[in-house]
Amino acid sequence: MIVVTDEEANTVSKKLQITRKSFDQAYLEKGGFELMLMNSMPCSFLMDDSCSIYDQRFEGCREFPALHLNDFKKRLFSHFMHYSRCPILFNVIEQLKIELRFELNDSQHD
Ligand code: SF4
């Protein structure tokens, strides 16, 4: 999940020249612990296979898949949920598979 902070929401709503309230209604949903989460798959900011807010993209996008945090394996399932969020996140996962030398074993091939 990509969490959006108050500060990030303010920054991007300014860039989009919409009110913060409009931004929240259009792009965010509330998760557990009152976290604000991006609400769309694929991402609303994906335009022509590029991030339309790249310079202001959220910390969760910048640090994805957050290898610096503990318990990577426990977060693996949620990482794969981002495959269809945007090509940047898709490419990060694909690169990670190469670096980890991920291979299907014989029983997993069609
Ligand atoms: S990096 Fe991808 S998921 Fe993040 S805001 Fe940009 S298009 Fe959306």
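The model is predicted: local features need pLDDT of at least 70, side-chain atom pairs count only at pLDDT 80 or more, and totals for chains, interfaces and linings use all residues. Residues are numbered from 1 along each chain as its sequence is written.

The protein has five helices and four strands, in the order α-α-β-β-β-β-α-α-α from the N terminus. Helices (H or I, at least four residues) and strands (E, at least two) are DSSP runs, numbered from the N terminus. Along the principal axes, the C-alpha atoms fill a box of roughly 55 × 35 × 25 Å.

The axes of α1 and α2 come within 9 Å and cross at roughly 100 degrees; axes are lines fitted to C-alpha atoms, for helices over the stretch in contact, and angles run from 0 to 180 degrees between N-to-C directions. That makes α1 roughly perpendicular to α2 (65 to 115 degrees). Residues in contact have C-beta atoms, placed from the backbone, within 7 Å.

| Helix | Span | Contact residues |
|---|---|---|
| α1 | residues 6–16 | Ala9, Asn10, Val12, Ser13 and Leu16 |
| α2 | residues 20–27 | Arg20, Phe23 and Asp24 |

What about Met38, and which residues is Met38 in contact with, leaving aside neighbours within four places in sequence? They are Ile2, Val4, Tyr27, Leu28 and Cys43.

Finally, the ligand has 13 residues around it, and Cys43, Phe45, Cys51, Cys61 and Cys86 come nearest. A residue counts as near if its C-beta atom, placed from the backbone, lies within 6 Å.

Methods: Angles under 35 degrees count as roughly parallel, over 145 as roughly antiparallel, 65 to 115 as roughly perpendicular and the rest as oblique. Two residues are in contact if their C-beta atoms, placed from the backbone, lie within 7 Å.
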